[in-house]
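This briefing is meant for a reader who is meeting the structure for the first time. Please look over the sequence and the model below before turning to the notes, which are grouped by topic.

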Amino acid sequence: MAWLLRDQEVLAAVEVWPARSTLPALPAEVVLMPSPWPLGGFSRRPMDVAFLDRKLVVLDVVSVGPRRLVRPRVHAAYLLTAGAQTMARWELKAGDRLTLE
């Protein structure tokens, strides 16, 4: 478990996964994982997805409905997933630089 920060502001505790697997059952959990494939078709709950580059800069943020697919983004190295409306509460947007501690 690590802390996800933006400009020294703690956004959440984040689970860092080295490879893709099933998403957590609890909508409050935040997960960072590699981004080689489309995402979403297997999710039973709405969620927010942020696409990050290798330096953890946000490329795009989208909301995804249950069983919906999201296409990968060019240059995205990681996906950050969270429960629906979480990233709106954080006011996360393209260009934000995130860090892990």
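This is a predicted model: local features need pLDDT of at least 70, side-chain atom pairs count only at pLDDT 80 or more; totals for chains, interfaces and linings use all residues.

**A pairing to start from**

In β6, M47 has G83 as its bridge partner, and this pair belongs to the antiparallel pairing of β4 and β6, which extends over six bridges.

- Seven strands make up an open sheet of mixed pairing, and their order across it is β5-β4-β6-β3-β2-β1-β7.
- The edges of this sheet are formed by β5 (58-64) and β7 (98-100), each of which pairs on one side only.
- On average, and with direction ignored, neighbouring strands of the sheet are turned by 30° against each other.

**Pairings around β4 and β6**

- Strand β4, which covers residues 47-52, also pairs with β5 in the antiparallel sense, again over six bridges, and within that pairing F51 has D60 of β5 as its bridge partner.
- Strand β6, made up of residues 78-83, is mostly covered, since five of its six residues are buried, where buried means under 20% relative accessible area.
- Strand β3 (residues 31-34) runs antiparallel to β6 and is joined to that strand by four bridges, with M33 standing opposite L79 of β6.
- As a general point, the side chains of a regular strand alternate between the two faces of the sheet.

**A tryptophan in a loop**

- W17 lies in the loop that connects β2 (9-16) with β3.
- Is W17 buried or exposed? W17 counts as buried because its relative accessibility is 16%, which falls under the 20% limit used for that term.
- Although W17 and M33 are 16 residues apart along the chain, their C-alpha atoms are separated by 5.0 Å.

**The chain in overview**

- The chain contains one helix and seven strands, and reading along the sequence gives the pattern β-β-β-β-β-β-α-β.
- Of the 101 residues in the chain, 45% are buried.

Methods. Residues are numbered from 1 along each chain as its sequence is written. Side-chain values use heavy atoms; hydrogens and water are left out. Two strands pair if DSSP finds at least two bridges between them. Helices (H or I, at least four residues) and strands (E, at least two) are DSSP runs, numbered from the N terminus. Axes are lines fitted to C-alpha atoms, for helices over the stretch in contact, and angles run from 0 to 180 degrees between N-to-C directions. Buried means under 20% relative accessible area, exposed over 50%, partly exposed in between (1.4 Å probe, protein chains only).
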